[in-house]
Amino acid sequence: MMSNADFRDDTDCDMHDQHDPLHGRKLRVGIISPYSFETPGGVQFHIRDFAKELISRGHEVEVLAPGRRTNDMPLWVQTVGTSFAIPYNGSVSRLSYFGFVGAQVRRWVRQGHFDIVHLHEPEAPSLSHKPLTMVHHPPLVGTFHAAFNDYPFALRFFQGYLNRYLRPLAHAICVSDASRTVAQRYLPQDMPVSVIPNGISTRQFSLATPIPSWQGDDTSPTIGFLGRMGEERKGFAVFCRAAARILDQYPEARLLCAGDGEREGKSIVNTVDQSGRLMDHMEFLGRISDDDKARFYRSLSVYVAPQTGGESFGIVLAEAMAAGCPVVASDLPAFVAVADEGRAAALFGNGDDRDCAAVVCSLIADCQTRESLGRAGQNRALQYDWSSVVDQVLGVYAEVLS
């Protein structure tokens, strides 16, 4: 287990202080997660890595989350001990809302003596909702992550309630224009809103060492997918249909599939291609560590992001681009933004496996274009490095505290 001190680095602190919006002031920051840290997810990873970056700059951080503690959680993560599963935005999220947790959260805020409390997804029925009912509280900042293909009925139904309930927020942060479009439907009209993207450690991905057994060549390329295969919105079925077409042109291609849901993934593969040819070229890697994820991207000929909806940012694109991996992605609005309108990643029509296969095959056939796209993606990914993202969030903190 890790404490705040495990992430301190005096050199990093000195470097960041040169452009610190707080001018050297060190804060005590409380961060509340709506989702349990027991299961991985984009919001949890965002909170974890954001907290690490703050700690590396000398700030004190505590995180409160639903669920139970596990041995691999840092000491600065506390939990309320309970959670329940609920379908949300095409996935299943573990939240905590009922019973004693409201009093528990409010007590945590009071006893924390925080300079600022940062709530993630405060519109969701979970822990981040609770401090908004406090009469006396530190300044509250909220980050909104969610984006939807169709605006959910529950949000439409509670829109007026949320408009009133979220008024205690001093500032709202949205991770993309797509999430801002959703949040502005229920945020108070006079609420200050900033768009600040999710962050990544570009150095981790750019310096990763490829795994030789995963690497391919021009005749036997390796094409990668990463995501929960059982979630329809992650687009694994689109990837499989495109892969079957790619094999027609590149019969020696290898398909590396990382992430949860191998059983569901194999079922999808068998549905798409009952001949077994596609399965012969698939390798299921399961859930991989952060280090292996970076090496995974570095080893691929092309990474495919076939998500069909519900994506507010596109962190997988930014990570693969940071590794210098040529990326082919569906043209979701959030992905188009990260891909710099197609200049940093190649785009295909959402859900169109024929278009996806054509774009992948054109890149495999053109080594020069593929390498150029990889370099453009790597340059683009620098905008999402945590050093830049945290500067922007600290700028919001400085504005709120002033």
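Predicted model: local features only at pLDDT ≥ 70, side-chain atom pairs only at ≥ 80, totals over all residues.
D292 is partly exposed, with a relative accessible area of 29%. Its place is in helix 11, which covers residues 290–299.

Let us turn to strand 1, made of residues 28–32. Is strand 1 largely enclosed or open? Five of its five residues are buried, so strand 1 is largely enclosed by the rest of the structure. R28, G30 and I32 point one way from the strand, while V29 and I31 point the other way, and all of them are buried.

Strand 1 has a parallel partner in strand 2 (residues 60–65), and five bridges join the two. Within this pairing, I32 stands opposite L64 of strand 2. Together with helix 2 (residues 42–56), strand 1 and strand 2 make a right-handed β-α-β unit. Strand 1 also pairs with strand 6, again in the parallel sense, over four bridges. Here G30 has V117 of strand 6 as its bridge partner.

Which strands pair with strand 10? One is strand 11 (residues 254–258), in the parallel sense and over five bridges; in that pairing L226 stands opposite A258. Another is strand 13 (residues 302–305), which runs parallel to strand 10 and is joined to it by two bridges. Strand 10, helix 8 (residues 236–249) and strand 11 make a right-handed β-α-β unit.

The strand pairings read as follows:

| Strands | Sense | Bridges |
|---|---|---|
| Strand 1 and strand 2 | parallel | five bridges |
| Strand 1 and strand 6 | parallel | four bridges |
| Strand 10 and strand 11 | parallel | five bridges |
| Strand 10 and strand 13 | parallel | two bridges |

### Where two helices cross

Helix 12 (residues 315–322) and helix 15 (residues 367–381) have axes that come within 7 Å and cross at roughly 115°. This crossing is left-handed. On the helix 12 side the contact is made by A318, M321 and A322, and on the helix 15 side by G374, G377, Q378, R380 and A381. By kind, the residues of this contact divide into four nonpolar, three polar and one charged.

### Positive phi outside glycine

H23 has a positive phi of about 55°, although it is not a glycine. H23 is found in the loop between helix 1 (10–17) and strand 1. Is H23 buried or exposed? H23 is exposed, at a relative accessible area of 75%.

E121 is the other residue, with phi near 50°, which is a positive value in a residue other than glycine. E121 sits in the loop between strand 6 (116–120) and strand 7 (140–144). With a relative accessibility of 2%, E121 counts as buried, because buried means under 20% relative accessible area.

Conventions:
Residues numbered from 1 in each chain as written. Heavy atoms only, no water. Pairing = 2+ DSSP bridges. Right-handed = clockwise from strand over helix to strand, strands pointing away. Axes fitted to C-alpha atoms, helices over the stretch in contact; angles between N-to-C directions. Left-handed = near helix turned anticlockwise from the far one by under 90°. Contact = heavy atoms within 4.5 Å. Nonpolar A, V, L, I, M, F, W, Y, C, P; charged D, E, K, R; others polar. Buried < 20%, exposed > 50% of the residue type's maximum accessible area, 1.4 Å probe, protein only.
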